[in-house]
Amino acid sequence: MSPSKKEILPIIALLVTNAVWGSTFFMTKMILQEISSVDFLGIRFALAGIVMVVVFFPAVRAAGKRTWQKGFILGVIFATAQIFQTEGLAWTPASVNGFITGMYVVLTPLILWVVFRIRPGKISVVAGAIAFLGLAVLSLRGLSFGYGETLTLLGALGYSLHIVLMGRWATKENAASLATIQMMVVGILCLSVAGYDGLQVPTSMGAWASIIYMTVFASILALLVQTWAQAQISAVRTAVVMTTEPVFSALFAVMLGGEFLTWRLVVGGSMILGAMLGAEYYAAKQKSFETPPPGTDFSKPTQVGQLQELAN
């Protein structure tokens with residue numbers, strides 16, 4: 001059975017989003033030569049929050065109390081994950097930071113199981129494991145665990161929790177308001193942390209052009225797309241698809257950064273893409289989804305049992 005349009009569009013949307021995130025590597029590297037990583041996050045997400053409030057003000061004004069609560073929680077989690085990962089990057093090699101961050105593909109089904117008592121499907125677990133190994137082949141060249149690695153792992157845990165809760169709370173109807181409220185919270189928190197020692201802004205036009213690109217495409221549109229997509233596919237499938245970000249980063253490094261095509265990129269990238277395609281083929285064939293629909297009452301054992309049967 002071939003995937004339907006309804007099933008394939010969220011996957012394509014997430015792939016495009018990860019390609020955009022992968023394209024920001026060189027821009028971020030250039031910006032960090034002028035300002036600190038925390039200042040960069042503060043400026044980027046504050047601008048994104050302002051733009052989204054202006055564009056989606058009617059949706060935000062009409063949002064109910066529950067949507068505001070959910071958006072606030074998601075925003076705090078995402079901002080915390082961003083800060084932990086960015087600070088961890090200052091203490092670890094980029095390849096190690098990327099590998100540990102990618103552990104959300106393993107942590108996401110674990111959170112589903114431990115916190116929500118939803119056992120992920122076997123195929124999704126296998127796909128996540130293969131993608132994780134592919135990520136290790138692609139980026140890992142040695143690993144020791146210290147301060148920076150611990151911070152990065154906390155960031156990965158935050159991303160996992162964000163993916164899981166987004167999958168639980170996002171709907172097609174609240175995508176714009178939920179994404180906007182999140183971005184407002186992320187912008188306020190990151191700007192507050194950045195302003196603690198005084199906010200430094202970039203001075204070159206190139207840096208500002210990169211910040212504008214990342215504000216519009218890698219922040220505003222990316223969060224909107226992720227929120228919309230997660231209203232339609234499970235958290236575990238989302239995590240597997242999102243492991244393609246380092247693949248796109250490596251491809252852009254080869255195409256635009258003068259780096260060479262290596263066996264790590266070919267083998268690791270093939271494992272990640274193979275895991276994603278295999279999981280999507282199986283999901284389309286079996287129509288099995290690991291996360292429950294919004295509104296499921298987890299206090300009712302009968303519903304939990306039915307969901308676990310569907311996930312197997």
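G71 counts as buried because its relative accessibility is 0%; buried means under 20% relative accessible area, exposed over 50%, and partly exposed in between, with a 1.4 Å probe and protein chains only. This glycine is found in helix α5, which covers residues 65-89. Helices (H or I, at least four residues) and strands (E, at least two) are DSSP runs, numbered from the N terminus.

Not counting residues up to four places away in sequence, G71 touches L178, I181, Q182 and V185, where contact means heavy atoms within 4.5 Å. The C-alpha atoms of G71 and V185 are separated by 8.0 Å, although the two residues lie 114 residues apart along the chain.

## Basis of the model

This is a predicted model, in which local features need pLDDT of at least 70 and side-chain atom pairs count only at pLDDT 80 or more, while totals for chains, interfaces and linings use all residues. Residues are numbered from 1 along each chain as its sequence is written, and side-chain values use heavy atoms, with hydrogens and water left out.

The pLDDT, the predictor's confidence in each residue on a scale from 0 to 100, averages 80 for the protein, and 83% of the residues score at least 70. Over residues 288-312 the pLDDT stays under 50; for this stretch the model has 44 contacts beyond four places in sequence.

## Overall composition

The secondary structure comprises 15 helices and 0 strands. Of the 312 residues in the protein, 50% are buried. Among contacts with a separation of 6 or more, 89% join residues 24 or more positions apart.

The accessible surface comes to about 14500 Å², and carbon and sulfur atoms account for 70% of it; accessible areas come from the Shrake-Rupley method with a 1.4 Å probe, and for residues only the protein chains shown count as cover.

In soluble globular proteins, nonpolar side chains tend to be buried together. The largest nonpolar core here has 65 residues, of which I31, F40, F45, Y104 and V105 touch the most other members. Helix α11 (residues 205-230) supplies the largest share of this core, 9 residues. A nonpolar core is a set of buried Ala, Val, Leu, Ile, Met, Phe, Trp, Tyr and Cys residues joined through side-chain atoms within 4.5 Å.

Helix α7 spans residues 104-116, and its buried residues are Y104, V105, L107, T108, P109, I111, L112 and F116. Leaving aside neighbours within four places in sequence, Y104 is in contact with P109, A156, Y159, S160, I163, A239, M242 and T243. After α7 comes R117, whose phi is positive, near 60°.

## I163 and Q230

I163 belongs to helix α9 (residues 147-169) and is buried, with a relative accessible area of 2%. Beyond four places in sequence, its contacts are Y104, T108, Q226, Q230, A235, T238, A239 and M242. The C-alpha atoms of I163 and T238, 75 residues apart along the chain, are separated by 7.5 Å.

Q230 lies in helix α11 and is likewise buried, with a relative accessible area of 1%. Leaving aside neighbours within four places in sequence, Q230 is in contact with I163, M166, G167, A235 and T238. Between the C-alpha atoms of Q230 and W169, 61 residues apart along the chain, the separation is 8.9 Å.
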